[in-house]
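Q: I have a protein model to look at and would like to learn how to read it step by step. Could we go through the helices, the strands and a few single residues together?

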Amino acid sequence: MASKEFEQLRKVLKPGLAVASDPPMLVREKMHRVHPTQFPADVRVREQQLGGVASAFVETPESDGSDLVLLHVHGGAFVSTGLEHYIPYAARLSRAFRARVAIFAYRLAPENRFPAALDDAVAVYRALLSEGISPGRIAVAGDSCGGGIGVAMLCRLRDDSSPLPAAFVGLTPWFDLEQTGESSQHLRGVDPYVNAEWIRKRGLDYVGDGDIRNPLASPIHANLSGLPPMFLSVGEIDTTRDDSTRLAARAGRDGVAVTLEVNPEMIHGFHGLSDLLPEGHAALLRAAEFVRRHAA
């Protein structure tokens with residue numbers, strides 16, 4: 001049974017954010033409007049360049065003394081959000097994971113199409129290694145479209161024989177830009193934040209004339225062999241739920257350790273509401289425990 005906080009939120013959350021016919025600039029405007037930029041006074045932010053990409057380390061009192069780094073690939077439908085929009089999210093991750101969180105402003109579509117965002121993610125990760133951070137003390141996380149970019153990054157690193165991080169965490173991640181899963185075809189409830197046709201359009205913003213089934217654009221088609229352990233957390237009502245259920249099956253087939261949780265009644269992006277929803281906070285704590293088990 002959902003919490004009273006979620007039931008109250010459900011009454012005010014109405015579809016309308018994700019309109020498939022919206023041009024990318026309007027999507028960007030809407031997404032920036034719903035991503036707050038205010039954060040608590042005890043959050044420390046250090047901006048710097050990592051691999052030539054504008055980045056920031058976000059720390060909280062809970063992360064003091066920890067050498068664990070969580071590299072988070074932000075969402076925003078490939079076309080939106082920047083560092084300022086994800087500092088509050090990174091702060092919540094820092095508290096839950098008791099880790100420094102690195103976020104970065106990958107190049108956005110449609111001005112910079114695939115694989116620009118992926119190239120930036122790889123550059124940032126390699127910059128962390130060049131700073132002397134052990135790959136065993138790095139975990140990669142990604143929410144929404146950032147989850148797909150994160151898995152693509154792992155595949156690229158594996159193929160280049162680069163050291164891999166300790167673990168991956170996907171928070172309602174996008175892995176299938178065609179949205180062919182059962183959850184996108186037969187909804188179990190109202191998901192106010194996304195819908196299948198909107199995701200397909202944002203996927204086209206990302207790949208342009210490229211192949212929407214390219215495994216590095218839609219990792220549902222990727223060979224996952226050799227990747228680090230994965231924790232995938234989705235909501236029952238999430239339109240993209242079966243991106244994760246199908247990727248988990250694929251990971252198991254390819255010999256990758258995977259933990260999948262489908263959170264009853266939850267919607268897309270509920271982790272980002274962890275300050276409001278106990279379900280979101282609890283899910284982040286479970287993800288954090290998973291990372292601690294695997295980080296060397």
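Q: How many residues does helix 5 have, and how far does it reach from its first C-alpha to its last?

A: A word on the model comes before the answer: it is predicted, so local features need pLDDT of at least 70 and side-chain atom pairs count only at pLDDT 80 or more, while totals for chains, interfaces and linings use all residues. Residues are numbered from 1 along each chain as its sequence is written, and side-chain values use heavy atoms, with hydrogens and water left out. Helices (H or I, at least four residues) and strands (E, at least two) are DSSP runs, numbered from the N terminus. The expected span of a helix is 1.5 Å times one less than its number of residues. Helix 5, residues 145-159, has 15 residues and reaches 22 Å, close to the 21 Å expected.

Q: Why is helix 5 described as largely enclosed by the rest of the structure?

A: Buried means under 20% relative accessible area, exposed means over 50%, and partly exposed lies in between, with a 1.4 Å probe and protein chains only. Helix 5 is largely enclosed because 12 of its 15 residues are buried, among them Cys145, Ile149, Met153 and Leu157. With contact meaning heavy atoms within 4.5 Å, the buried residues of helix 5 pack against several elements, including helix 4 (116-130) and helix 7 (196-207). Just after helix 5, Ser161 takes a positive phi of about 60°.

Q: In what order do the strands of the sheet lie?

A: Strands of a sheet pair through backbone hydrogen bonds, either parallel or antiparallel. Two strands count as paired if DSSP finds at least two bridges between them. Here 8 strands form an open sheet in the order 1-2-4-3-5-6-7-8, and the pairing is mixed. Strand 1 (44-50) and strand 8 (258-263) are the edge strands, each pairing on one side only.

Q: Which strands does helix 5 touch where it packs on the sheet?

A: Directions are compared through axes, which are lines fitted to C-alpha atoms (for helices over the stretch in contact), with angles running from 0 to 180 degrees between N-to-C directions. Strand 3 and strand 5 pair in the parallel sense over 5 bridges, and in strand 5 the bridge partner of Val73 is Gly142. Helix 5 touches strand 3, strand 5, strand 6 and strand 7, and its direction makes about 140° with that of strand 5.

Q: What unit do strand 7, helix 8 and strand 8 make?

A: A crossover is right-handed if, with the strands pointing away from the viewer, the path from the first strand over the helix to the second runs clockwise. Strand 7, helix 8 (residues 241-253) and strand 8 make a right-handed β-α-β unit. Strand 7 and strand 8 run parallel and are joined by 6 bridges, with Met230 opposite Val258 in strand 8.

Q: Is Ser184 buried or exposed?

A: Ser184, which has its place in helix 6 (residues 182-185), counts as buried because its relative accessibility is 10%. Ser184 touches Gln179, Ala196 and Thr239, not counting residues up to four places away in sequence. Ser66, in the loop between strand 2 (53-59) and strand 3 (69-73), counts as partly exposed because its relative accessibility is 24%. The C-alpha atoms of Ser66 and Arg98 are separated by 6.9 Å, although these residues are 32 residues apart along the chain.
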